Amino acid sequence: MSAFLYEENWLKWSFEIRKEKKKNYDFAYYVYQDERIIERIWYKEASKCEEILIKPIYSGAYKIRLFIRENKKIIFNEISSTLWIDTLHEKQIMTTFPSEKIFFSDNPVKYVFQEAKKDVRYLVLSFSGLYATEFQGGPPVYNHMRTLNSVKAHKLFILDSYQNQFCYYVGFGGEMDFERSVIALITKIANEYKVPPENIIATGSSKGGAAALYYSFKYQFGKAVIGAPQIYIAKYLEQRASSDSMRLRYQNLLGDHSLKGKAFWNGLILNQAYQARTFPELHFHVGKGDFHYTDHLKILLQVLDEKKSGLYIRFGRL
């Protein structure tokens with residue numbers, strides 16, 4: 001039995017049968033996409049060497065269950081590994097641990113969803129911050145899984161991984177193509193579990209805090225819990241881009257037109273604050289003396305005060 005592979009836009013699984021005289025062998029298989037059977041191939045005579053070939057049309061998680069019979073008696077019944085296939089971009093996407101899944105839209109979005117044990121109508125979103133390893137070229141990582149462990153709500157941890165780097169859950173150069181995929185994922189989960197927008201709680205710190213603010217303002221979520229967010233995103237990254245890999249990632253984020261990109265990222269959250277008519281319930285946390293307050297959060301609070309929106313804000317120092 002060979003490994004289940006994706007090669008040249010085909011799913012491939014080959015196997016050999018050690019045939020014995022006076023015995024007949026045949027095989028059948030099921031094809032699964034996202035845990036649902038999409039094709040059943042009934043038994044047909046098996047040769048010594050067989051290869052199953054499947055051309056995936058739609059993106060998703062694929063696997064095969066193979067049955068082999070000897071004189072009409074099943075002697076083999078096993079399921080293959082799962083392959084996550086992005087048919088739009090014609091590539092396989094690897095997951096890092098069993099509970100991680102991939103939502104396919106304009107762009108693939110990696111996520112971990114934890115369903116509440118009881119029937120609740122709240123959904124907590126966890127947007128990840130920038131890890132120190134990312135400044136040196138490392139991959140994005142999830143945040144707050146242990147912190148949110150005791151929270152009695154559905155929890156959706158979303159990885160900020162776009163073209164192998166962070167993008168503040170938006171995209172490069174103001175394209176917003178990753179954002180469209182992220183909000184499609186959030187909407188799908190919320191609809192499936194009957195969670196209204198006012199019961200969605202966006203959380204995050206640093207980069208994740210900026211994303212929680214942006215998404216909760218733009219998509220009218222009910223609450224946001226934000227730790228030390230960046231408001232002037234381009235300014236922050238320009239100051240922190242000390243390594244070659246970080247400078248490259250920063251330039252990717254700005255897009256082809258650097259000046260326009262800087263203006264876009266520095267105004268991303270403030271623009272939503274100016275445009276919004278209603279606001280979520282906001283809970284801010286920032287360390288004493290943290291530059292995120294003086295250089296970033298203070299200006300947002302001034303804008304919100306000018307709006308005289310009457311929104312509820314709780315402010316805590318850590």
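Start by selecting residues 101–103 and 109–114: these are strands β10 and β11, paired antiparallel over 3 bridges. Strands here are DSSP runs of E with at least two residues, helices are runs of H or I with at least four, and both are numbered from the N terminus. Two strands pair if DSSP finds at least two bridges between them. Click on Lys 101 and you'll find Tyr 111 of β11 standing opposite. The link from β10 to β11 is a hairpin with 5 residues.

A quick word on what you're looking at: this is a predicted model, where local features need pLDDT of at least 70 and side-chain atom pairs count only at pLDDT 80 or more, while totals for chains, interfaces and linings use all residues. Residues are numbered from 1 along each chain as its sequence is written, and side-chain values use heavy atoms, with hydrogens and water left out.

Val 112 has Phe 157 in β13 as its bridge partner.

Next, go to the open sheet of 3 strands, ordered β1-β2-β5 with antiparallel pairing. Colour β1 (5–7) and β5 (49–54) as the edges, since each pairs on one side only. On average, neighbouring strands in this sheet are turned by 35 degrees against each other, direction ignored. Axes are lines fitted to C-alpha atoms, for helices over the stretch in contact, and angles run from 0 to 180 degrees between N-to-C directions.

Stay with this sheet and look at each pairing:

- β1 with β2: antiparallel over 3 bridges, with Leu 5 partnered by Lys 12 in β2. Their hairpin has 2 residues between the strands, and Glu 8 there takes a positive phi near 50 degrees.
- β2 (residues 10–16) with β5: antiparallel over 6 bridges. Leu 11 has Ile 54 as its bridge partner, and Glu 16 stands opposite Cys 49.

Time for the inside. Which residues have the most contacts inside the largest nonpolar core? Show Phe 127, Tyr 168, Ile 186, Leu 237 and Leu 300; the core itself has 61 residues. A nonpolar core is a set of buried Ala, Val, Leu, Ile, Met, Phe, Trp, Tyr and Cys residues joined through side-chain atoms within 4.5 Å. Buried means under 20% relative accessible area, with exposed over 50% and partly exposed in between (1.4 Å probe, protein chains only). Centre on Leu 237: leaving aside residues up to four places away in sequence, this residue touches Leu 130, Phe 166, Tyr 168, Met 246, Tyr 250 and Leu 253. Another core lies apart, with 20 residues, among them Trp 13, Tyr 25, Ile 54 and Tyr 62.

Now select helices α4 (residues 244–254) and α5 (residues 258–275), which pack at about 85 degrees with their axes 8 Å apart. They are therefore roughly perpendicular to each other, a label for angles of 65 to 115 degrees. At the contact (heavy atoms within 4.5 Å), Tyr 250, Gln 251, Leu 253 and Leu 254 of α4 meet Ser 258, Gly 261, Lys 262 and Trp 265 of α5.

Finally, zoom out to the whole chain, with 6 helices and 17 strands. Its C-alpha atoms fill a box of roughly 85 × 45 × 30 Å along the principal axes. Of its 318 residues, 49% count as buried.

Key
Parallel < 35°, antiparallel > 145°, perpendicular 65-115°, else oblique.
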